[in-house]
Amino acid sequence: MKRSPTIYFVYLPIALMLLFVFGISIWLASTGQQLEIAKQVVTPASAPAKAPTVTYEEGTGRVKGKIVLEDGSPNTTEVTVHYHSKRRTKNSSRSMSGNGGNVTDTFDLKIFSGDLELMFIPSEYAPAWLGPIENHADRVVEDLVVVLKPGVPLDISIINQDGNPINDANVYGYPYRNFAGGSHRKPKALEQGVYRFEHVNEATYKVYVEADGYEPAELNLEHPETIGTYELELVRAEPTTGTVIDENNQPIANAKIILYLREKAEKSSSGSHSWMGKEIGQTDAQGKFELNELSKQYEYYGIIEAPDKRRTLFRDLTAGLSGIVYELPPLRSLHITLRGDLTQIKDRYFRELKERHPYVKVDQRFKFETNQGGTHGEMMYDYLPIEITEAEATFVYPGMFTNKIEIQIGPYRVEFNPNDYAESGDLSLEFNLDTGEKIIQADTVSEK
């Protein structure tokens, strides 16, 4: 009799598999291991499951909402918004923080896509925040609500090593939470060297304290709402002295010492702080300077700038040094001629002139190689008011000291490169706003 192939290829394998399972079950029952096997099947692994990672496309998302008080009424005072967004892609991550501007009762912001945290800093209430928010590119998150509540005061009492109050300190700080931080705020100065931050809550406060003749101090105050008054004793600084001269060994008066970077001095330590140019001293008529606010814990990096804009970098400056000599190189200037449609050049308000003027912006980028083996990129920028005629605008920018310069001229950014630079002397730039063409060359006529 001819049998169907189904018997060999379907039914027979199934019967053999069932017979095998039945045999295993009888053996496990006889050895007492069936219950243990069941436990292993039912009990999950001891390590918790890893939360899924949200990935984001590049771009910006939009977040919208309202700002209310505890009673539900709309807020009527100015609030500054700060954000921190962390974007994860399949192979990398990137973070971005910034200022979202000032708002009152509503907010509508376009922000770098990613896991988003928003911090709201009012003047009459405590900080408030939202997040993390999944802020995807080209999407809108709506109906967010921020509730502002009053806070409590945080007082910083500043004394010297004799226990006497310091009444002329420069104190500033900001709240932050999960990397989202507010802008620097100055506290209210009370009597007897006490400085008050109004309306703090559980947001951590970063506080900086400076006073002439003392080492600067930094505070990282967690849960400031529980502190009340924090007493800080400042340490008297060791003076740092030196002289600024020119290439002919002549002293330069009124030269500024401008700080850009501070880094821990000990090789085993880490931590740095940057400024966008902070003046910490000037030379006298004999070109001498004395700095009384440096800390021995740090090395300082920055720029020496003469009144005529001669500039050079300084590095490795520390508290307690004496007899330092900085030599400024000859002045280098950039002679600029603009032609074409000059109406494309924007204007801005200049405080020193007390009026608006067309302008160009010059960025000079430079680097510090620190003793810790790191490299820090910094930038100095200058706004130049210019006079425009119908035909052209001609002006001079003094103070070139790097070989990485970019100039913003209306909608254009003109970049220089090392090949554009002569070994010494001035340079000239001709730029046409109609065609975007530039000519950069050594200005041998005006070389010193």
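**Exercise 1. Find the strand that holds Ile-336, and decide whether this residue is buried or exposed.**

Step 1. Ile-336 sits in strand β23, residues 333-339; strands are DSSP runs of E with at least two residues, numbered from the N terminus. The model is predicted, so local features need pLDDT of at least 70 and side-chain atom pairs count only at pLDDT 80 or more, while totals for chains, interfaces and linings use all residues. Residues are numbered from 1 along each chain as its sequence is written, and side-chain values use heavy atoms, with hydrogens and water left out.

Step 2. Ile-336 is buried because its relative accessibility is 1% (buried is under 20% relative accessible area, exposed over 50%, partly exposed in between, with a 1.4 Å probe and protein chains only).

**Exercise 2. Which residues does Ile-336 touch, leaving out those up to four places away in sequence?**

Step 1. Take a contact as heavy atoms within 4.5 Å.

Step 2. The partners are Ala-393, Thr-394, Phe-395, Ile-407 and Leu-429.

Step 3. Now look at Phe-395: its C-alpha lies 5.5 Å from that of Ile-336, although 59 residues separate the two in sequence.

**Exercise 3. Which element gives the largest share of the lining of the largest pocket, and how do the lining residues divide by class?**

Step 1. Strand β26 leads with six residues.

Step 2. Sorting the lining gives ten nonpolar, one polar and six charged residues (Ala, Val, Leu, Ile, Met, Phe, Trp, Tyr, Cys and Pro count as nonpolar, Asp, Glu, Lys and Arg as charged, and the others, Gly among them, as polar). A pocket here is an open set of points on a 1 Å grid over the protein atoms alone, where a 1.4 Å probe fits, with protein on both sides within 12 Å along at least five of seven lines; lining residues have an atom within 4 Å of a point.

Note on methods. Helix = DSSP H or I, 4+ residues; strand = E, 2+ residues; numbered from the N terminus.
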